[in-house]
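Could you walk me through this structure, one piece at a time? I would like to know what surrounds its parts and how they meet.

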Amino acid sequence: MSATADHAETNLAVRLGFQPGMVVQEIGYDDDVDQELREVIEQATGTELVDEEYDDVADAVVLWFRDDDGDLTDALVDSIAYMEEGGSILLLTPKTGREGYVEPSEIGEASTTAGLSQTKSINAGKDWNGSRLLTPKGAAKKR
């Protein structure tokens, strides 16, 4: 990857709200995830992504979700459980025509039901779309 392309990718992570020192929990990791996106998030934060077993408060969550992963609303609510007040979720779903594609209407409905606000949708890689979801202030539970 060229220095310019590397900078552009890192800027994507920064535009999505990832900042140095953030603890980012990754949920739904599997063989099909976009490794480059994971790397640019780690570059932007300067920390490695923590996995689903992490039991402290995270600043943000990266949620890889496919249609056959269960109920999206439940997955979003579970993602909020260990997140810092005012944190964000980067919901990543397969693009149209890819195995596990999730309808945008399902994302909107699940986000609203989970009490999240969708701020932007992005092209997150060759096979993934991303939706940045924000928790309302005061809604997150600290454990």
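This is a predicted model: local features need pLDDT of at least 70, side-chain atom pairs count only at pLDDT 80 or more; totals for chains, interfaces and linings use all residues.

Let us begin with helix α3, which spans residues 72-80. Its buried residues are Leu 72, Thr 73, Ala 75, Leu 76, Ser 79 and Ile 80. These residues lie on the same side of α3, because they cover an arc of only 160° around the axis.

At the start of α3, Asp 71 has a side-chain oxygen that comes to within 3.2 Å of the backbone nitrogen of Thr 73.

Helix α4 deserves a look of its own. Two packed helices are described by the angle between their axes and the distance between the axes. For α3 and α4, the angle is about 45° and the axes are 9 Å apart. That angle makes α3 oblique to α4, and the crossing is right-handed. On the α3 side, the residues that meet α4 are Leu 72, Thr 73 and Leu 76. Their partners in α4 are Glu 106, Ile 107, Ala 110, Ser 111 and Thr 113.

Is Arg 66 buried or exposed? Arg 66 counts as buried because its relative accessibility is 7%, and the cut-off for buried is under 20%. Beyond residues up to four places away in sequence, Arg 66 touches a set of residues that includes Gly 28, Tyr 29, Asp 30, Asp 32 and Val 33, as well as Pro 94, Gly 100, Val 102 and Trp 128. With Gly 28 there is also a polar approach: a polar atom of the Arg 66 side chain lies 3.0 Å from the backbone oxygen of Gly 28.

Our last stop is Ser 121, in strand β4 (residues 117-123). With a relative accessible area of 54%, Ser 121 is exposed. Leaving aside neighbours within four places in sequence, Ser 121 is in contact with Gly 130 and Ser 131. The side chain of Ser 121 also makes a polar contact of 3.0 Å with the side chain of Gln 118. Finally, Leu 92 is 29 residues away from Ser 121 along the chain, and their C-alpha atoms are separated by 9.7 Å.

Conventions: Residues are numbered from 1 along each chain as its sequence is written. Side-chain values use heavy atoms; hydrogens and water are left out. Buried means under 20% relative accessible area, exposed over 50%, partly exposed in between (1.4 Å probe, protein chains only). Helices (H or I, at least four residues) and strands (E, at least two) are DSSP runs, numbered from the N terminus. The arc is that of the directions from the helix axis to the C-beta atoms. A polar contact is a pair of N or O atoms within 3.5 Å; within protein, one must be able to donate a hydrogen and the other to accept it, and residues adjacent in sequence count only if both atoms are side-chain atoms. Contact means heavy atoms within 4.5 Å. Axes are lines fitted to C-alpha atoms, for helices over the stretch in contact, and angles run from 0 to 180 degrees between N-to-C directions. Angles under 35 degrees count as roughly parallel, over 145 as roughly antiparallel, 65 to 115 as roughly perpendicular and the rest as oblique. A crossing is left-handed if the near helix is turned anticlockwise from the far one by less than a right angle, and right-handed if clockwise.
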